[in-house]
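User: I'm new to reading protein models and would like to learn how to go about it. Can we take it feature by feature?

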Amino acid sequence: MTGSGSVKFKRAAFLGMGLIGSSLARVMKRDGLVDHIIACARSGETRETALKLGIADSVTDEPKVAVSGADLVLLCTPVGAYQDLIKKISANLYPDTIVTDVGSVKQHVISSIRPYLPEFVHFVPGHPIAGTENSGPAAGFDTLFENRWVVLTPEPETEPAAIKKVASLWRQAGARIEIMDAIHHDKVLAITSHVPHLIAYTIVGTANDLEDQLKGEVVKFAASGFRDFTRIAASDPIMWRDIFLNNQEAVLEMLGRLTEDISVLQRCIRDADGKKMEALFTRTREIRRSVIEAGQHIPPSPKDSY
Ligand code: NAP
């Protein structure tokens with residue numbers, strides 16, 4: 001139930017009701033944070049599932065219908081769909097509505113939709129640093145955001161009360177809040193999330209190309225490390241295409257750094273420089289320890305979910 005000091009909305013419009021949107025909708029329903037949730041999605045299957053799961057009170061495939069009368073609008077589609085959606089809804093947004101999002105890239109996405117957002121709405125961009133490789137409304141769970149960070153990247157002129165409301169919503173989901181500049185966010189996420197996904201997509205692709213030659217042994221011996229890459233490389237192709245298209249600069253910068261570091265390791269191997277390799281691997285082991293100390297090592301799990 002609603003805890004003291006938690007937020008309450010009258011009508012929340014979810015544009016996109018997949019893993020992330022449905023997980024937040026589950027929290028809002030579980031804790032009574034909203035009177036009515038309307039979910040907007042293109043496919044009948046997504047809309048039916050949202051109704052069946054009880055995470056939406058009504059559904060539509062018309063974005064402008066979804067946002068009419070909403071005091072909270074949440075963009076929860078792949079980021080490449082944002083501009084088109086905002087163009088469709090801008091004339092139907094109500095004054096003082098809070099518009100927020102969950103997209104994994106911020107700066108380019110914000111500047112692409114900013115011109116189409118009316119001045120009278122409060123725009124609070126956000127990004128929950130939480131997820132799994134699964135997609136769609138059935139994949140969500142209400143504990144997904146527990147003990148995870150949500151980064152908010154509001155513009156300097158954003159009304160503090162709107163930022164506070166969005167932050168309270170995420171806190172109610174169990175998350176911790178960090179306010180950050182959008183450009184900085186994109187750099188941090190390029191190295192912590194985007195480049196690791198790119199590496200996973202590459203390794204799994206390369207292994208697949210070699211599969212014929214290796215006669216099925218890649219899959220057979222996957223437990224030796226490859227398995228973890230296949231999990232990451234199973235992430236939604238459209239979502240990740242949009243992330244790389246919208247965070248070009250930061251990803252290319254971090255890839256440049258990575259390529260240099262790989263060349264250093266390549267040289268170590270060629271020169272049989274065991275000492276240098278051991279020093280690096282000892283340092284990286286320390287980083288793993290800090291991740292464990294920060295409590296960010298356990299993957300989210302749907303157990304005990306709403
Ligand atoms: P998802 O499970 O694939 O859900 C996407 C939702 O958007 C679905 O309801 C889909 O339904 C709808 N949709 C897709 N394309 C659309 C379009 N062009 N126009 C309108 N609706 C569209 O995706 P997700 O994992 O929840 O990701 C959503 C957002 O969260 C992305 O921006 C992503 O960057 C961000 N994010 C994801 C993760 C993660 O680990 N997955 C973590 C943090 C942030 P229909 O196909 O029926 O339209």
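User: Let's begin with a helix. What length does helix α1 reach from its first C-alpha to its last?

Analyst: General idea first: an α-helix has 3.6 residues a turn, so residues three or four places apart point the same way. Now the case here, keeping in mind that this is a predicted model. Helix α1 covers residues 19-30, which makes 12 residues, and it reaches 16 Å from first C-alpha to last. That is close to the 16 Å expected at 1.5 Å a residue.

User: Is α1 mostly covered or mostly open?

Analyst: Mostly covered: 10 of the 12 residues in α1 are buried. They are L19, I20, G21, S22, S23, L24, A25, R26, V27 and M28. The cover over these buried residues includes the strands β1 (9-15), β2 (34-40), β4 (72-75) and β7 (126-128), along with helix α6 (160-172). After α1 comes G32, with a positive phi near 60°.

User: Are D96 and A272 buried or exposed?

Analyst: The idea is to check the relative accessible area against a cut-off: over 50% means exposed. D96 has 52%, so it is exposed. A272 has 64%, so it counts as exposed too.

User: And how would I read a residue inside a helix? Where does A50 lie, for instance?

Analyst: A50 lies in helix α2, residues 44-52. A50 is at 1% relative accessibility, so it counts as buried. To see what surrounds A50, skip its neighbours within four places in sequence; the contacts are then M17, A39, I55, A56 and V59. Also try S22, one of the buried residues of α1: A50 and S22 are 28 residues apart along the chain, with 7.7 Å between their C-alpha atoms.

User: What about I203? Which residues is it in contact with, leaving aside those within four places in sequence?

Analyst: I203 contacts F226 and F229. I203 belongs to helix α7, residues 182-214, and with 32% relative accessibility it counts as partly exposed. F226 is 23 residues from I203 in sequence, and their C-alpha atoms are 8.2 Å apart.

User: Now zoom out. How many helices and strands does the protein have?

Analyst: There are 12 helices and 9 strands. The radius of gyration is 21 Å, close to the 19 Å that the globule rule gives for 306 residues, so the protein is as compact as a globular protein of that length. Along the principal axes, the C-alpha atoms fill a box of roughly 65 × 40 × 35 Å.

How values were computed: Residues are numbered from 1 along each chain as its sequence is written. This is a predicted model: local features need pLDDT of at least 70, side-chain atom pairs count only at pLDDT 80 or more; totals for chains, interfaces and linings use all residues. Side-chain values use heavy atoms; hydrogens and water are left out. Helices (H or I, at least four residues) and strands (E, at least two) are DSSP runs, numbered from the N terminus. The radius of gyration is taken over C-alpha atoms; the globule rule is 2.2 Å times the number of residues to the power 0.38. The expected span of a helix is 1.5 Å times one less than its number of residues. Buried means under 20% relative accessible area, exposed over 50%, partly exposed in between (1.4 Å probe, protein chains only). Contact means heavy atoms within 4.5 Å.
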